[in-house]
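Notebook open, structure loading. I'll jot down what I look up as I go.

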Amino acid sequence: NIAEVVTADERFSTLLAAVVAADLVDTLATGGPFTVFAPTNDAFAKIPSEDLDALLADKEALSRVLLRHVVPGSFFYNGITWDILDTAGDVEEDMIATQRFKGGVVKVVSSVNGTRTGARAIEADIRATNGVIHAIDTVI
């Protein structure tokens with residue numbers, strides 16, 4: 001399942017710590033199918049440490065940020081198009097947009113409180129029994 005894949009992949013150790021802090025492990029282990037746009041450790045490293053520490057300490061805000069990266073359904077690389085998708089957080093403002101460009105580049109974008117944040121998939125189609133993970137280079 002998604003939780004096991006994230007646990008087994010060192011690139012996602014910060015994401016795993018955040019999922020544990022937000023008490024979302026069971027959701028990612030038993031729910032789904034989901035598509036997870038999973039920020040790597042390098043993506044989390046772009047966030048100033050004091051901001052990341054504050055986010056990790058605020059379970060409600062952390063859950064909202066993490067669930068913004070989770071889309072109900074399985075969207076594999078070949079199924080990603082220009083689209084606006086609802087996220088698992090059920091907050092209308094937290095919808096994300098996906099795009100696949102010529103050359104195979106996949107991007108995902110969020111727009112929260114007027115701030116647009118984009119991420120690029122650095123690896124697509126990491127399979128799990130309850131969905132698919134796309135590793136991304138920025139926390140959206």
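How are helix 2 and helix 6 set to each other? Before answering, some ground rules. I'm looking at a predicted model, where local features need pLDDT of at least 70 and side-chain atom pairs count only at pLDDT 80 or more, while totals for chains, interfaces and linings use all residues. Residues are numbered from 1 along each chain as its sequence is written, and side-chain values use heavy atoms, with hydrogens and water left out.

**Entry 1, the helix pair.** I looked up the axes of helix 2 and helix 6: they come within 9 Å and cross at roughly 125°. Axes here are lines fitted to C-alpha atoms, for helices over the stretch in contact, with angles from 0 to 180 degrees between N-to-C directions. Helices (H or I, at least four residues) and strands (E, at least two) are DSSP runs, numbered from the N terminus. Helix 2 and helix 6 are therefore oblique to each other; under 35 degrees counts as roughly parallel, over 145 as roughly antiparallel, 65 to 115 as roughly perpendicular and the rest as oblique. I noted the crossing of helix 2 and helix 6 as left-handed, meaning the near helix is turned anticlockwise from the far one by less than a right angle (clockwise would be right-handed).

**Entry 2, cavities.** A 1 Å grid over the protein atoms alone is used: a cavity is a set of points where a 1.4 Å probe fits but cannot get out, a pocket is an open set with protein on both sides within 12 Å along at least five of seven lines, and lining residues have an atom within 4 Å of a point. Points are joined across faces, edges and corners, and a volume is the space filled by probe spheres set on the points. I get two cavities of 30 Å³ or more.

The largest cavity holds about 100 Å³. Helix 2 (13–21), strand 1 (34–39) and helix 6 (59–67) each give two or more residues to its lining. Among the lining residues I listed Leu15, Val19, Val36, Pro39, Leu66 and His69. By class the lining has ten nonpolar, one polar and no charged residues (Ala, Val, Leu, Ile, Met, Phe, Trp, Tyr, Cys and Pro are nonpolar, Asp, Glu, Lys and Arg charged, and the others, Gly among them, polar).

The second largest cavity comes to about 40 Å³. Its lining is Ala3, Val6, Leu15, Leu16, Val19, Val25 and Leu28, with helix 1 (2–8), helix 2 and helix 3 (25–30) each giving two or more. Helix 2 gives the most, three residues. The class tally is seven nonpolar, no polar and no charged.

Strand 5 (residues 106–112) runs antiparallel to strand 6 (residues 115–128), joined by six bridges; strands pair if DSSP finds at least two bridges between them. Val112 has Thr115 as its bridge partner in strand 6. Two residues separate the strands of this hairpin, and Asn113 in the turn has a positive phi of about 50°.

Strand 6 also pairs with strand 7 (residues 131–136), antiparallel, over five bridges. Glu123 sits opposite Ala135 in strand 7. Strand 6 and strand 7 form a hairpin with two residues between them.

Which element gives the most to its lining? Helix 6 does, with three residues. I put the volume at about 200 Å³. The lining includes Arg64, Arg68, Val112, Asn113 and Thr115. By class I count five nonpolar, four polar and two charged residues.
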